[in-house]
Amino acid sequence: QVQLVESGGGLVETGGSLRLSCAASGSIFSINAMGWYCQAPGKQRELVAVITSDGSTTYADSVKGRFTISRDDAKNTVHLQMNSLKPEDTAVYCCNARGLTMAGTEYNYWGQGTQVTVSS
C-alpha cells in the first residue's frame, strides 16, 4: 500500500501564489514519477505537471512559465509552486505517484485532492 497526503490548497486572489505538497509513504521501493492533475467542475481530469525520477518535467501549456514542479527524493515528496494564479486555475488538484512497491509490484496511486480557488 502507498499513501499520498496532499497539502497547500486554498483560496487566493488573481495573481497570487500557492504551494502544493504531496508526500508519499508506505511500501515504496521506487517512485518513477510524481505529478499533479486537476479537475474543474464539469470537466475531465487533466495533467498539470509531472516530474520523473531523472528530473524530467512536463507541464500543461496553460501553466508553463507560472508553475514549477519539484521533488524531494529523501522525503518522497513533490511540490508544485503556483505563481500568477488565474481564475481558470480553480480546480481540485490531485497528486499522483507511480513506481514499484517493496514487493516488486507496480503501483499507481492518487491522493484525495486539494481545492484551489482563485478569485477574480
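Cys-95 is buried, with a relative accessible area of 0%, where buried means under 20% relative accessible area, exposed over 50% and partly exposed in between (1.4 Å probe, protein chains only). The model is predicted: local features need pLDDT of at least 70, side-chain atom pairs count only at pLDDT 80 or more, and totals for chains, interfaces and linings use all residues. Residues are numbered from 1 along each chain as its sequence is written, and side-chain values use heavy atoms, with hydrogens and water left out.

**Cysteines**

A search of the whole structure finds 1 disulfide, a term that denotes a pair of cysteine sulfur atoms within 2.5 Å. Cys-22 and Cys-95 form this link, with their sulfur atoms 2.1 Å apart. The angle about the S-S bond is -85°, and the link of Cys-22 and Cys-95 is left-handed. Because Cys-22 lies in strand 3 and Cys-95 in strand 9, the pair ties together parts that are 73 residues apart in sequence. Strands are DSSP runs (E, at least two residues), numbered from the N terminus. Cys-22 also counts as buried, at 0% relative accessibility.

Two further cysteines, Cys-38 and Cys-94, are in no disulfide. Cys-38 is buried, with a relative accessible area of 10%, and Cys-94 is likewise buried, at 10% relative accessibility.

| Cys-38 | Cys-94 | 8.9 Å |

**Strand 9 and its partners**

Strand 9 is mostly covered, as 8 of its 11 residues are buried. Strand 9 pairs with strand 4 in the antiparallel sense over 10 bridges; two strands pair if DSSP finds at least two bridges between them. Cys-95, in strand 9, is the bridge partner of Trp-36. Strand 9 also pairs in the antiparallel sense with strand 11, over 3 bridges, and Tyr-93 has Thr-114 in strand 11 as its bridge partner. With strand 10 (residues 106-110), strand 9 forms 5 bridges, again antiparallel, and Asn-96 stands opposite Trp-110. Strands 9 and 10 form a hairpin with 4 residues between them, and Gly-104 in the turn has a positive phi of about 90°.

Not counting residues up to four places away in sequence, Leu-80 touches residues including Trp-36, Val-48 and Tyr-93, contact meaning heavy atoms within 4.5 Å.
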